[in-house]
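Here are some notes on the model you sent. They begin with the cavity, then turn to the ligand and the salt bridges.

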Amino acid sequence: MASNAFQHLMKSSRKLAENNPPSKKRIKIAAVATSNERTPQKHFWKSGLTQAMNDSENIVESSDSLVIIKDKYPKAKFHYLVIPKDIQLNSARELTKLHLNLLKEMQQKSELLIKDLLSKAEFKIGFHAKPSMDHLHLHVISTDFVSSCLKTKKHWNSFNTKHFLSLSDLIKKLEEKDNLDDLYPSDIDIELYLKKALNCNQCQFEAKTMPSLKTHLETHASSL
Ligand code: AMP
Ligand code: ZN
């Protein structure tokens, strides 16, 4: 579909610039502001996306069925979340054939979003097998992985091992089967993926530490 047709489909205005994490100062102010409130429920932060998707400040695009927001702690130069509005699922594990149309719509919107960025960056589109946040969300992320928010081995491996489930693979599977039971990794496998060695996604380099991986990733980004 031509991008102007897509813009017609989507209602709200665009904020497509590269991602910037919130400043430390703002985070600190927010922490102070909430410190006197009632003791929060355990894991209250897990519902952060449900709040973020309803805050017009965050919305990059919106249609009847989907919201696209920038990831607040981007793990690459471009990092967006595509979030279905009317869905009670928290993880891709629960997706079935009945969700195929929704997934195809998410795929189409993600591809158009990438096209509209007019960037030479390459992108991955998919779900974390074991997400940390509630409310089903699809990651659309550039493969440079150059970001101050990319800090831990878990961050890296969550996007660069089989912990990251590509949307096109899930769609293909659900076209053949009713559910994702025989594609989905077990909890034990997920633990292993997140502990894997730090292998570069663009060459054979294996980093010993996250700082050395990050320095190495910069060299790929600067040669673009
Ligand atoms: P996942 O591991 O798939 O649950 O990823 C959750 C994503 O949500 C992470 O990439 C976070 O950086 C991002 N995130 C957390 N809180 C917010 C928020 N309030 N607004 C936007 N993105 C967020
Ligand atoms: Zn490399």
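1. The largest cavity has a volume of about 50 Å³. Bear in mind that this is a predicted model. With a threshold of 30 Å³ or more, the count is one cavity.

2. Cavity lining. Which residues line the largest cavity? Asn90, Ser91 and Ala92 are among them. By class, the lining divides into four nonpolar and five polar residues. No charged residue takes part in this lining.

3. Ligand surroundings. Ligand 1 has 17 residues around it. The closest are Asp71, Ser132, Met133, His137 and His139. The shell around ligand 1 divides into seven nonpolar, six polar and four charged residues.

4. Polar contacts of the ligand. The side chain of Asp71 places an N or O atom 2.5 Å from an oxygen atom of ligand 1. His139 has a polar side-chain atom 2.8 Å from an oxygen atom of ligand 1. At Lys72 the backbone is involved: one of its N or O atoms lies 3.1 Å from a nitrogen atom of ligand 1.

5. Ligand burial. How much of ligand 1 does the protein bury? Taken alone, ligand 1 exposes 510 Å². The protein buries 87% of that area.

6. Elements around the ligand. Helix H3 (48-52), strand S2 (66-70) and strand S3 (79-84) each give two or more residues to the shell around ligand 1. H3 provides the largest share, three residues.

7. Salt bridges. The structure holds six salt bridges. One of them joins the side chains of Glu105 and Lys109, at 3.2 Å from N to O. Why are these two separated by about one helical turn? Both belong to helix H4 (residues 100-117), and they are four residues apart, so about one helical turn lies between them. In general, side chains of opposite charge can pair when their charged atoms come close.

Technical notes
Residues are numbered from 1 along each chain as its sequence is written. Chains are lettered from A and ligands numbered from 1 in the order in which they are written. This is a predicted model: local features need pLDDT of at least 70, side-chain atom pairs count only at pLDDT 80 or more; totals for chains, interfaces and linings use all residues. Side-chain values use heavy atoms; hydrogens and water are left out. On a 1 Å grid over the protein atoms alone, a cavity is a set of points where a 1.4 Å probe fits but cannot get out, and a pocket is an open set with protein on both sides within 12 Å along at least five of seven lines; lining residues have an atom within 4 Å of a point. Grid points are joined across faces, edges and corners, and a volume is the space filled by probe spheres set on the points. Ala, Val, Leu, Ile, Met, Phe, Trp, Tyr, Cys and Pro count as nonpolar, Asp, Glu, Lys and Arg as charged, and the others, Gly among them, as polar. A residue is near a molecule or strand if one of its heavy atoms lies within 4 Å of it. A polar contact is a pair of N or O atoms within 3.5 Å; within protein, one must be able to donate a hydrogen and the other to accept it, and residues adjacent in sequence count only if both atoms are side-chain atoms. Accessible areas come from the Shrake-Rupley method with a 1.4 Å probe; for residues, only the protein chains shown count as cover. A salt bridge is a side-chain nitrogen of Lys or Arg within 4 Å of a carboxyl oxygen of Asp or Glu.
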